[in-house]
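Let's take a friendly walk through a protein model together. Have the sequence and the 3D view at hand as you read.

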Amino acid sequence: MDLTQLEMFNAVAEEGSISAAARRVHRVPSNLTTRIRQLEADLGTELFIRENQRLRLSPAGHSFLAYSRQILELVSEARTVVAGDAPQGRLALGSLESTAAVRIPGILAEFNQRYPRIQLDLSTGPSGGMIDRVLEGSLAAAFVDGPLLHPALDGVAVFDEEMVIIAPAGHPPITRARDVNGASIYAFRANCSYRRHFESWFHEDGAMPGKIHEMESYHGMLACVIAGAGLALMPLSMLESMPGSHQVSRWALTTPWRTLTTWLIWRRGARTPQLDAFSSLLPEK
């Protein structure tokens, strides 16, 4: 097993085909096929399930991918330390949509100016999905809703978000969940921590939301609430950044539901120079 084999394996795992991976690593497909077969023989197990000229990771392949990524990250880190150069390479970063839209654009701009040799790849999604991707190794770090509970993760609290319920203009005051028992709500998918927070707020007061409409964006939620179709929960900072925010009424939650803290998380023992460089730009909390 050598580093070239690991780079080829990662490329095939992430691209899903030999031809696409070959273009990525600038090799001919037959060379990748041979080297992957050699790696599987060396490990004594099949890393891919081959079907219809496509490859998908086997259970063993999924496990090996996490270690392969860690090995290549450590090699990159070692080269950087020995050379004494500024950090370089790739930083795969995940984020809540609201954090990406409101909290970190200025930080990302400064990061790109200070560290032009680091390739930053940003993806957004609910906390649950971001945590899963950090654990599996496809993300180096992610901004998620806290608190940090998983034993395999480390992290730091970075932003406090005031959560507000938005309702159609002229809606009667919302002081507790029973005020809106049975109301339709707009939220992200079930693995969104903000959605779970909203549902828990209802349940704690002995109330229940009505129909839960799953949306893909805060802008979509806002449009539906403006139209009078239901309620939504979102960070106040996100609401105030969107056109049309003045067309809804907003109601702050009471303690302890009012504030949620956003954390930057990473796999325990897996900090890289790229992540250290990015973390140095975050505000102290």
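A residue is called buried when its relative accessible area is under 20%, and exposed when that value is over 50%. Keep in mind that the model you see is predicted.

Let's begin with Arg35, which you will find in helix 3. Is Arg35 buried or exposed? Its relative accessibility is 17%, so Arg35 counts as buried. Next, look at what surrounds this residue. Beyond its neighbours within four places in sequence, Arg35 touches Asp2, Thr4, Gln5 and Met8. With one of these, Asp2, the link is a polar contact between the two side chains, at 2.7 Å.

Now step back to helix 3 as a whole. Two packed helices are described by the angle between their axes and the distance between the axes. Helix 3 (residues 29-43) packs against helix 2 (residues 18-25) at an angle of about 105°, and their axes are 8 Å apart. Angles of 65 to 115 degrees count as roughly perpendicular, and therefore helix 2 and helix 3 are roughly perpendicular to each other. Helix 2 brings Ile18, Ala21, Ala22 and Val25 to the contact, while helix 3 brings Pro29, Leu32 and Thr33. Of the residues in this contact between helix 2 and helix 3, six are nonpolar, one is polar and none is charged.

Our last stop is Ser237, in helix 10 (residues 236-240). With a relative accessible area of 19%, Ser237 is buried because that value is under 20%. Apart from its neighbours within four places in sequence, Ser237 is in contact with Val102, Arg103 and Glu161. The side chains of Ser237 and Glu161 are joined by a polar contact of 2.9 Å.

Note on methods
Residues are numbered from 1 along each chain as its sequence is written. This is a predicted model: local features need pLDDT of at least 70, side-chain atom pairs count only at pLDDT 80 or more; totals for chains, interfaces and linings use all residues. Side-chain values use heavy atoms; hydrogens and water are left out. Helices (H or I, at least four residues) and strands (E, at least two) are DSSP runs, numbered from the N terminus. Buried means under 20% relative accessible area, exposed over 50%, partly exposed in between (1.4 Å probe, protein chains only). A polar contact is a pair of N or O atoms within 3.5 Å; within protein, one must be able to donate a hydrogen and the other to accept it, and residues adjacent in sequence count only if both atoms are side-chain atoms. Contact means heavy atoms within 4.5 Å. Axes are lines fitted to C-alpha atoms, for helices over the stretch in contact, and angles run from 0 to 180 degrees between N-to-C directions. Angles under 35 degrees count as roughly parallel, over 145 as roughly antiparallel, 65 to 115 as roughly perpendicular and the rest as oblique. Ala, Val, Leu, Ile, Met, Phe, Trp, Tyr, Cys and Pro count as nonpolar, Asp, Glu, Lys and Arg as charged, and the others, Gly among them, as polar.
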